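Thanks for coming, everyone. Please look at the screen while I walk through this one.

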Amino acid sequence: MRKFIVGNWKMNGTSRDLKEIEAIASAAQDYVSVDSALCVPATLIDRAVRQIGSFSIGGQDCHMLTEGAFTGCVSAEMLGDAGAVLTIVGHSERRTAQHECDIDICAKAEAAHAAGLHAIVCVGETLNERESGKALDVVLKQLGASLPDTAAGNWLCVAYEPVWAIGTGRVAGPDDVEEMHGAIRSALAQRFGEEGNAIRILYGGSMNGENAAQLLALDNVDGGLIGGASLSAAKFEPILAAAEALSK
Ligand code: PGA
């Protein structure tokens with residue numbers, strides 16, 4: 001399976017940063033065995049797409065409905081209209097700060113699919129849940145309820161992002177990552193059959209140029225969702241290089 005390396009710029013970036021997006025897109029061209037994308041703020045999608053052409057630009061969330069009286073929200077169709085080809089849904093920062101639940105996330109993933117976008121559905125446990133031995137249960141429950149029945153097919157990826165590893169510099173241990181990705185793979189295969197084996201499972205949480213090679217080499221780690229280390233080409237490129245080296 002080709003590795004998929006996705007940057008998540010979160011609420012970072014204005015027109016001043018279009019040059020950096022261009023630098024990332026240009027660096028990505030050298031890694032022909034790796035799929036890559038950058039999920040930028042909605043305000044930058046259109047300009048990023050116009051400026052860089054063929055590189056995949058995504059959003060970071062979408063509304064579950066196509067239109068209506070939802071002040072401040074952006075629909076999947078609007079993301080697509082701006083030139084996005086994918087979107088993240090269910091990031092833990094949205095699950096927590098915007099109180100999004102699995103049912104919302106499932107509906108958002110379906111909305112993304114209906115609008116012709118690829119979707120990255122995020123799941124992950126809190127530190128408290130991990131320390132009390134509930135990580136597997138929590139994540140598999142989120143996974144079951146956040147994925148629509150139409151999830152089979154190559155329009156969807158899952159991102160396992162332990163909440164305590166996001167933006168903290170703490171990375172989940174290789175055994176824990178492998179155990180979780182293996183459990184997610186089994187659940188996908190059980191629910192979607194052979195097509196469940198083709199759904200890419202990304203790891204997210206403080207992935208960077210130093211740890212990417214080790215994380216991406218683990219069983220069932222089919223790529224990465226990268227926050228902080230995606231903000232500059234200098235930090236993002238070593239992750240692409242690590243993925244490329246593993247694809248040889
Ligand atoms: P991080 O963020 O790489 O800064 O930990 C990852 C994410 O939130 O997707």
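Lys108 and Glu100 join their side chains in a salt bridge, at 2.9 Å from N to O. By salt bridge I mean a side-chain nitrogen of Lys or Arg within 4 Å of a carboxyl oxygen of Asp or Glu. In general, side chains of opposite charge can pair when their charged atoms come close.

A word on the source. This is a predicted model, where local features need pLDDT of at least 70 and side-chain atom pairs count only at pLDDT 80 or more, while totals for chains, interfaces and linings use all residues. Residues are numbered from 1 along each chain as its sequence is written, and side-chain values use heavy atoms, with hydrogens and water left out.

Back to the pair. Is Lys108 buried or exposed? Lys108 is buried, at 5% relative accessible area. Glu100 is buried too, at 9%. Buried means under 20% relative accessible area, exposed means over 50%, and partly exposed is in between, with a 1.4 Å probe and protein chains only.

Glu100 has another partner. Its side chain meets that of Arg94 in a salt bridge, 2.7 Å from N to O. Arg94 is partly exposed, at 25% relative accessibility. Now put these together. Asp61, Arg94, Glu100 and Lys108 are linked in a network of salt bridges. The structure holds 13 salt bridges.

Here is one more. Asp149 and Arg191 meet through their side chains, 2.8 Å from N to O. Asp149 sits in the loop between helix 7 (135-146) and strand 6 (156-160), and Arg191 sits in helix 8 (residues 174-192), so this pair ties together parts that are 42 residues apart in sequence. Helices (H or I, at least four residues) and strands (E, at least two) are DSSP runs, numbered from the N terminus. Asp149 is exposed, at 66% relative accessibility. Arg191 is partly exposed, at 34%.

**The ligand**

How many residues surround the ligand? There are 13, and the closest are Lys10, His91, Glu161, Gly167 and Ser206. The shell divides into four nonpolar, seven polar and two charged residues.

Now some distances. A side-chain N or O atom of Lys10 is 2.7 Å from an oxygen atom of the ligand. Gly167 places a backbone N or O atom 2.6 Å from a ligand oxygen. For Gly227, again with a backbone N or O atom, the distance to a ligand oxygen is 2.8 Å. On its own, the ligand has 280 Å² of accessible area, and the protein covers 95% of that. Accessible areas come from the Shrake-Rupley method with a 1.4 Å probe; for residues, only the protein chains shown count as cover.

**Two backbone notes**

Stay with Lys10. Its phi is near 50 degrees, a positive value in a residue other than glycine. Lys10 lies in the loop between strand 1 (4-8) and helix 1 (18-28). Lys10 is partly exposed, at 21% relative accessibility.

His99 also has a positive phi, about 55 degrees, and is not a glycine. Where is His99? His99 is in the loop between helix 4 (92-97) and helix 5 (102-114). At 65% relative accessibility, His99 counts as exposed.

Conventions: A residue is near a molecule or strand if one of its heavy atoms lies within 4 Å of it. A polar contact is a pair of N or O atoms within 3.5 Å; within protein, one must be able to donate a hydrogen and the other to accept it, and residues adjacent in sequence count only if both atoms are side-chain atoms. Ala, Val, Leu, Ile, Met, Phe, Trp, Tyr, Cys and Pro count as nonpolar, Asp, Glu, Lys and Arg as charged, and the others, Gly among them, as polar.
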